[in-house]
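Work through the exercises below with the coordinates open. Try each task before you read its solution.

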Amino acid sequence: MDKTKHYRWLIALWLLMTSSMAGADWWDVNLREGVTAISRDVYDLHMTIFWVCVVIGVIVYGVMFVSMVLHRKSRGVQPATFHENTHLEIIWTVIPVLILIAIAWPATTTLRDMYDSGDSTLDIKVTGYQWKWQYTYVNDDPAKEVEFMSNMLTPPDEIENRAAKREYYLLDVDNPLVIPTDTRVRFLITSEDVIHSWWVPDFAIKKDAIPGFVHTAWTIVEEPGMYRGQCAELCGRDHAFMPVVVRAVPPDEYETWLAEQQAEARQEYETMEKEWTREELMAKGEEVYTQSCANCHKANGEGIPPAFPPLTGGELTTGPIEGHADIVLNGKSGTAMQAFGNQLSAAELAAVITYERNALGNSVGDMIQPKKVNEMLSRAE
Amino acid sequence: MSAVIEEYHHDHQHGPDKGILRWVLTTNHKDIGTLYLWFSFLMFLLGGSLAFVIRAELFQPGLQIVDPGFFNQMTTMHGLIMVFGAVMPAMVGLANWLVPMMIGAPDMALPRMNNFSFWILPFAFSMLVSTLFMEGGGPNFGWTFYVPLSTTYGPPSTTFFIFAIHLMGVSSIMGAINIIATILNMRAPGMTLMKMPLFVWTWLITAYLLIAVMPVLAGAVTMMLMDIHFGTAFFDAAGGGDPVLFQHIFWFFGHPEVYIMILPAFGVVSQIIPTFARKQLFGYDSMVYATASIAFLSFIVWAHHMFTVGMPIAGELYFMYATMLIAVPTGVKVFNWLATMWQGAMTFETPMLFAIAFVILFTIGGFSGLMVALVPADFQYHDSYFVVAHFHYVLVPGSVFSIMAAAYYWLPKWTGNMYDETLGKLHFWLSFIGVNVAFFPQHFVGLAGMPRRIPDYALQFADYNMISTVGAFLFGFSQLLFLFIVIKCIRGGEKASDRVWEGAHGLEWTIPSPAPYHSFNTPPRDLSDAHS
C-alpha cells in the first residue's frame, strides 16, 4: 500500500516535468540547426550522438532498474555466485568499439569539410580586444579598407536593473559585422590582448582569438538575418559583455553597404588632414572617453587603483603631451593598458588625449592635432 | 644495551597522545586520514559557499549581488578549492585510513612524511584564500588560469596563487610516494597484486598519475612566475613565446588530474556494490586492466580540452579518436558494476544508494563526455554551460558521491558506531535531487548558447538558471545534514559489529570496530577474505 503511494508520486512528478518540458521552446533546450550546410551537419552529428547515448542509456539503466527491483534481498532471493564471463566481457568491449567507429565516421567527414577552406571571395579580420571586437574588411588597396569596432549596446542601467531589459539584452552591438549571403567568407581571427573566442552558434563557428596567432574559419550563410553569439573564452572582467553580432544581407545590399563604408572611411581620412578647434576635440574626446576609457579609468577619471591608475592629476595626463600620447597609442606593456593606436582613428585619438588633459579635473591647456597623431602612428609602423 | 632497548619498548605508547599535539605531531595513518577528511570537508563547505555566490548572482539576469571582477574570483576559487582542497584531499584521506587496513599493514610506509604532506595543506590554502583580501583581489582567471590573462593581465596576488599551487603539488607528490611505497612494500605476505582490493589498485594507479603530472603543473606555474617577474617570455607572444603552449602543458597535467579525482571513486564503488549485492565483484581482472587503460589513455588525450585553439586537422582527429577510446574501458567498468548487481541479493543502505547514484549519474557525465569528444560538435559545446554540466556530473555525483558513499560505508569501522540510517537516506535523497536540479538544466542552457564563466546572461537562459540555482542551494544545504550525521555518529549510536555489513569482505572488516589505533602489528595470515 505504502509502496504504490510512492510510485503515484513519482508518476505525478514525471508528468509535471515532461509537461513543463513540452511547454518549453525546443530551441531553448537544444542546439540550433543554424543557417549553413556545416552547421546543419554539426546539428545532425549532435542529434546522432544524442540518440546513441539515449539508446545505450535506456538499455543500461533498464537492466539496472530491473535488477534493483528483482534482485533485492527483501524478495528473499539468494545471491548468485558468478563473477566472470569471458564471452560477455568480450561482447561488451567489442560492441562499444563498433559504435564508436560508426560515430567517428560522420564526425571525421564533417571536420574535413570544415577544414576545407578553399578560395574565399571575402576576407574579414576579426580582432578581439578587452571587451569588444574589431572587424577589418581586408583589401589590397588600403584606402578601401573598412575597419570598425563592435561594442555591446546594452546600457549599464539595464545590466544593473535600473531599467527594463529589452530584447537582445547583452546580445546587441552598435556595429554588427555585415557579410553577404551565399558567399564564401573567410574569417582571420586574432587578438590584441588576452585570449577570446569568436562564437556564432548559427554558423557552428567557434575559434579562439589568440595573441600572436591568426586562425581561420569560413562560412557560407544561406539566409539573410541577424546572428548572435558571445565571446566564449574567459577574457577578464567584462567577458560576459562582448557579444558577436553578424548581419547577413543579400550580396547586392552588401555591395551598397560596403561602398557607403568606404566613402565614410575616405571622409574620416580627410578630417584627419584638417586643423581641429579645441571645442571640436573636447566634444569628440568626451564621446570617445566614455566608450573606450571610462570602463577602467572611470567616468570622472579616478580609476580603480592599483590596476587602473587615476587620470585626474596623473603624472602622464599632466606631463609632456608626447609621453601621454605614446601610452595611449602604444599601450603600456605589463599592464592592462591597451594600445589604442589601431583601435581608434587618428581624430579620435587626438580628441581623447586632448580631453583627458583638459577635463576630468585636469587643465593643462594644450592640445594635439589628428595630423600629429597620425605622424606618431606612421613612425611607429 | 639490550636493557635500554627493552625499556624503550615498554615506554612506547600504544594509543594517541592527548590534546592538540596529537593532531599536529601525529604519524598515525588513521589520525592523518581523519585530518585529511575533515580538512577536505571544510574546503568543500568553503568552495560550496563560493558556489552559492555564483548561483545567487545567476538566479536572475542582470547584476544583483557582485561585481563581474569579483564573480570571476569566485568561479576561479570555487574550482581551485573544490579540485585541490576538497576532492583530492578527501581521496588521500580515504587512502590513509583504508590502504594499510586493507593490505594488512600496521601503518603507512613513511609516517613522518605523511604528517608533513597533510600539514602543508592548511598553509597552502590559507595562502590561496588570503589572496581574496589582497589589493587587486584574488585570482580571477578561472581555475585553468590561461595566459596571458593570468600573467600580463593577472592581479598582483597571482604570485601567491603560484606559490600555493607549488605547495599543493609538494603535498600531493609526497602523499603519492607514500601510498606507492606502502602498497608495494607493506602488503601482508601472500597478498599478491591481483589479490588486492580494488580500492587499493585504483589508488596505486592514481598515485602514479599524481607523481607523473604534478611536476608538470609545477613547471607550468614556474614558467608563469618567470614571465611575470623575471622578464622571460615562455608564454608571451610579443616576446616570441606561445600562449597555446601553456594550454598544452596545463592540460597535460589537467587531463590525468580529472582521472586522479575519479579513479579512487571507481575503487570505492567497486568495494561497496559487491557488499550490498552480497555477491563477488564481477570481472575483477578486467576492472584492474580497465583502470590501467584509462590511466594510460589519460596521458594521450589532453588536447581534447583545446579543440578550438586552431590545431591542424590531423591533431584534432588524433585527439578525437584517442578520447573516444576512453569510452571502452569506462564502459567495461559500468557493465561490470551492473553485472555485479545482477542476480545479487541487494539491500539499499545509504552507502549503496550513493554508489548506485554514482553509477547512474557518472554515466550521464560519460555520455556528455562522449558528445564533447566529437570535434565538430565540440565547436558548439566548448566553453558553454554544456561543458559545465558535463564536468559537474562526473565530479559531483561522481567523485563527491563516492566520497560520501565511502564515509557512510566505513564510518562504523572508523567510529565504532552506526550512523543514523534514516537521516543518511534523507541526506542521500536531498543530495540526489539537489544535484540533478542544479546541473541537469545546465545542459539545456549550454546547448542553447550560454557561455560559461559569465555573471550575467541573455534573457532566454533565465528560467533554467533559476531552477539550477534552487537545486544548487538544496544540494549545498543538505551537506549540513551530512555534517550533523557524521558528528552524531562519532558521539554515539548503535554499536557496530566487526563485520558491520552482512556482505562485507576485506581485511578491514576482520579487525574490531572502532579500528584499534594500530591495526595489524603482525601481518594477518588468513587472506581468504582479502577482497570481494
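Predicted model: local features only at pLDDT ≥ 70, side-chain atom pairs only at ≥ 80, totals over all residues.

**Exercise 1. Fold of chain B**

Work out how many helices and strands chain B has, and why its radius of gyration agrees with a compact globule.

Solution. 
- Start with secondary structure: chain B has 16 helices and zero strands.
- Next, take the chain length, 532 residues; a compact globule of that length would have a radius of gyration near 24 Å, and chain B has 23 Å, so the two agree.
- Then check the extents: the C-alpha trace spans about 70 × 60 × 45 Å along its principal axes.
- Now count burial: 62% of the residues in chain B are buried.
- Last, take contacts in chain B with a separation of 6 or more: 82% of them join residues 24 or more positions apart.

**Exercise 2. The interface**

Find how many residues of chain B touch chain A, and which helix supplies the largest share.

Solution. 
- Count contacts: 77 residues of chain B meet 76 residues of chain A.
- Assign the chain B side to helices: those giving at least two residues each include α4 (68–103), α8 (243–277) and α15 (421–447).
- Sort by type: 48 are nonpolar, 22 polar and seven charged.

**Exercise 3. The cores**

Identify the residues with the most contacts inside the largest nonpolar core.

Solution. 
- The largest core has 237 residues, and among its most connected are B:V87, B:F354, B:A355 and B:A405.
- Its largest share, 22 residues, comes from α4(B).
- Inspect B:A355: beyond four places in sequence, B:A355 contacts B:V269, B:I272, B:I273 and B:A405.
- A second, separate core has 20 residues, including A:W276 and A:F340.

Definitions and conventions. Residues numbered from 1 in each chain as written. Chains lettered and ligands numbered in written order. Contact = placed C-beta atoms within 7 Å. Helix = DSSP H or I, 4+ residues; strand = E, 2+ residues; numbered from the N terminus. Nonpolar A, V, L, I, M, F, W, Y, C, P; charged D, E, K, R; others polar. Core = buried A, V, L, I, M, F, W, Y, C linked by C-beta atoms within 7 Å. Buried ≥ 20, exposed ≤ 12 C-beta atoms within 10 Å, placed from the backbone. Rg over C-alpha atoms; globule rule 2.2 N^0.38 Å.
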